[in-house]
Amino acid sequence: MKRPGTVPDDRGAVMVIALFLAVFLLGLLYYVVGTTQTVFFREHLQDTADGAALSGAVMHARSMNLIVLINIVMAALLAILVTIKLIEGLAIIGMVIAAALAWFTGGSTLAAIPPLKTAQADMNAAYQQVQPPIFAALKALHAASDLVSSVAPSAADAVVLADITAKGQPAGSRGIASGTRLTLPVSDDTFPELCGRAGKFPIDLAKEALGGVPGVSEIMGALDDPMHDMTKSLSEWFCGEGDDGNGGGKGGGQSRPPSYKRDEKRAYPRMDLAVRCENEHIDSSGSLTLGAGNTSPTCEESKRFEDAALPDQNTGRCQAGHDCSADGPYEQRVAKARLDCDPALSPRPSYYLYLQREGSVPYRWTGKLWQRLTPTFGEPQRRETRKDAVSNPPCGSKLVHPFVAEGYQTTVRTSNDVTEVQPVCSKEVPPPAPSTRNRPEVGHIETVPITEVMHILGCQKTETITVQVSNGKTAGSDSSSDSGSSSNSKSPKRVTDGATLGDENFQIRALIQGDSDTLAADRLVQLTIWNQEEPASDNLHVLQALSGYSVAQAEYFYDGSAARGEWMWNMKWRARLRRFRMPEGEAFTAIQTAWRTALGSGCDVLNTLSRIGDLVVH
Amino acid sequence: MVEATIVVPVFILLLISVLYVRDQALTQHDLEMKARSCAWQFSAANCDAVPPGCEGIVEQSTTQNSAGQEVMDALQGGKDQSVKHADKTGVVSKIIDSLLGPVLQAAFGRSLDATVAREFERPAVFGGKTKTMTGRYHLACNLTPEEPIDVAKDAWKLFKPN
């Protein structure tokens, strides 16, 4: 017989296990949601990058087709002169033949000479009449193709940027699609070549008109090349003078180099070395003559300095192993950033990257007032303002609505001690003076929170710059370097010497940045390492740094099998997506500069990307 | 027995939740795949012919890109500046505008939007009803080779000497 109270009571035991299981399943559900969210985040980011790269390449291809069109229109206009000259030439030949036959025919063929003479005179008069407006049109078209060549890359950047902002996913993404060139890879061809092309036009049009007549197509086809060669070699007679030396002359008037304005986002600080590097590549007209990359000693030095000065991508502090002394590159950079990113300057920065630390300040009651004691701070954190809109600065005067505190200290430190930093601004509210009734005891300590913006790491400003386009030698154009171009203000364009389809000249790379900090999966990981230091793995940091980025590559190309000489005479330029490849040499520098400029100096994805091969095996 | 009445429904609810999240993710993935596929096919055809199976999904984007307009203005300004001194009669400007104008208009901002929507049923335990899920894709229209002979003919027609 069992005594009461000894019977084991196991009611509710399952409940405990079930509770643990339920929590576990709930965590699992949260994990599934987080994983799904991360997968979609990565997919959207990659879609936006693919779209941006293709969009950039399409813009370039369209611009190439536009230049092809301008070339064709130029040839078509010049074909009018060629046709008139052709008729005039036939009249002259007719007169010569009539005169020669007169000896055999007893002078009867001489009767044909006066009407032929009239026809020749009429054609000559017509030629003189139409030549000035045609030459003026050629000059205008030449200037237009110069303009397209120099505007297209920056236009592509602007269009892609606007597209990303308006349609990019996830919302709030930002990015850039850029090539390695400042202009399209075209340069001036020769005027005789244009004249040769114009010579083919009457044949092509006749072929088109008489296409139904048997045998005509073949005959006309056979005349195509001889006509091209003849008009090219006799271009001075058929098409008039090629070059007028100073851009004026018979064509009437001058074709003045046009200029245009564009808004450009620039990252700051701009160190003196970087400015000197850029100045080395600006010609007397103010045009950038930078091609695929900067290779001068100053630019190389600037690149080395930038690499040494770049803050750590995760912490925003001086990178381990770099020179972090008071006059080292990092400290020079943060000092310059304070000056360049002062919100009182115009234009005002629209985006800030800064280092913030939080802590507490003890105050001791002396009996009369609160005495401030030495504050204690936590680890400084890298912060940034919103990327998708113009943001208020963290520090500045009341007029700019600073969101951390008012004031802007432009001097980093007064001594050589690296640890003594004068914050840019600081927010701290001292304890209120106690009333006479509630006076604390002498020595009582009251603690208040403090927030300090330690350093401005960088900022971004939108500046309006004027780009001057010079005839045939636009910003970054290779016209001057092409051999035997004998260019003039009426010449067509050709693909620049040295550019081969598929090479770096035709590649567009896109970088898209999304805000991965809000992902549930990340929060779950943070939850699991509650109050613990993150593992100090260098590889982990590389992967973390790349989690919010996607890259893609596209190219524009001539979709045909025609010889190189035909590429700028057929509207067959298209775009296609390519597998992303790391740029090398000068291209690496050019892309890195473009990405840094567009997405802020703290973003050095390309260097990080180049290390991905150490971590992932395809 | 009492525990079972609490535990079993909770576990069933959790299971339904997992299945719901899975179905939703798969549907979303499916919609986006469809939008992506249609967008790339439509783009490859220069946004001229709607690919089979993509009817009502893809359409040319009608939003005017402000950056494209800026480029147009810059080109127009450059052209005006170039011909100002040479073109007293205005004939040169007429030629360039007539020939290049439409091309310039088309050159910037031609893009497409692909949108796929599907009704997704919520489990009855979460209130039932349906939820509209959408997959979207935005892409630039690619180019198709064009024959320039028509352009040349137009040039001849336009230019009539006095």
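Is Asp188(A) buried or exposed? I looked this up first. Asp188(A) is buried, with a relative accessible area of 2%. The cut-off for buried is under 20%, so 2% falls on the buried side. I keep in mind that this is a predicted model.

**Entry: the partner of Asp188(A)**

I then searched for what Asp188(A) pairs with. Asp188(A) forms a salt bridge with Lys493(A). The closest N and O atoms of the two are 2.5 Å apart. I noted where each partner sits. Asp188(A) lies in strand β2, residues 186-188, and Lys493(A) lies in strand β12, residues 493-495, so the bridge ties together parts of chain A that are 305 residues apart in sequence. Lys493(A) is buried too, with a relative accessible area of 3%. My reminder on charge: side chains of opposite charge can pair when their charged atoms come close.

**Entry: a bridge between two helices**

Which residue does Lys232(A) form a salt bridge with? I found Glu193(A), with the closest N and O atoms 3.0 Å apart. Lys232(A) is in helix α4, residues 216-233 of chain A. Glu193(A) is in helix α3, residues 191-209 of chain A. I checked the accessibility of each partner. Lys232(A) has 32% relative accessibility and counts as partly exposed. Glu193(A) has 9% and counts as buried.

I moved to chain B. Arg22(B) forms a salt bridge with Asp23(B), and their closest N and O atoms are 2.7 Å apart. Arg22(B) counts as partly exposed at 46% relative accessibility. Asp23(B) also counts as partly exposed, at 33%. Salt bridges that share partners join Glu193(A), Arg197(A), Lys232(A) and Glu566(A). How many salt bridges are there over all chains? I wrote down 21.

Next I turned to cysteines. The structure holds 6 disulfides over all chains. I looked up some of them.

A disulfide joins Cys341(A) to Cys459(A), with 2.1 Å from S to S. Why is this disulfide left-handed? The torsion about the S-S bond of Cys341(A) and Cys459(A) is about -85 degrees, so the disulfide is left-handed. Cys341(A) lies in the loop between α8 (329-340) and β4 (351-365), and Cys459(A) lies in strand β11 (residues 445-468), so the pair ties together parts of chain A that are 118 residues apart in sequence. Both Cys341(A) and Cys459(A) are buried.

Cys395(A) and Cys425(A) form another disulfide, with their sulfur atoms 1.9 Å apart. The link of Cys395(A) and Cys425(A) is left-handed, with -60 degrees about the S-S bond. Cys395(A) is in strand β8, residues 395-396, and Cys425(A) is in strand β10, residues 425-428. The pair is 30 residues apart and links distant parts of chain A. I read 1% relative accessibility for Cys395(A), which counts as buried. For Cys425(A) I read 4%, and this residue counts as buried.

**Entry: disulfides in chain B**

Where in chain B do Cys47(B) and Cys141(B) lie? Cys47(B) lies in the loop between α1 (2-44) and β1 (58-60), and Cys141(B) lies in the loop between β3 (130-140) and α4 (149-158). A disulfide joins Cys47(B) to Cys141(B), at 1.9 Å from S to S. With -100 degrees about the S-S bond, I logged the link of Cys47(B) and Cys141(B) as left-handed. The pair ties together parts that are 94 residues apart in sequence. Cys47(B) is buried, with a relative accessible area of 4%. Cys141(B) counts as buried at 0% relative accessibility. I also noted the pattern of the disulfides in chain B. With bonded cysteines counted along the chain, the pattern is 1-3, 2-4.

**Entry: confidence in chain A**

Last, I checked the confidence. Chain A averages a pLDDT of 78, and 83% of the residues score at least 70. Over residues 244-256 of chain A the pLDDT is below 50. This stretch, 244-256, has 32 contacts in the model beyond near neighbours in sequence. Over residues 282-294 of chain A the pLDDT is also below 50. My caution: where pLDDT is low, the predicted coordinates should not be read in detail.

Notes. Residues numbered from 1 in each chain as written. Chains lettered and ligands numbered in written order. Predicted model: local features only at pLDDT ≥ 70, side-chain atom pairs only at ≥ 80, totals over all residues. Heavy atoms only, no water. Salt bridge = Lys/Arg side-chain N within 4 Å of Asp/Glu carboxyl O. Helix = DSSP H or I, 4+ residues; strand = E, 2+ residues; numbered from the N terminus. Buried < 20%, exposed > 50% of the residue type's maximum accessible area, 1.4 Å probe, protein only. Disulfide = S-S within 2.5 Å. pLDDT = per-residue confidence, 0-100. Contact = heavy atoms within 4.5 Å.
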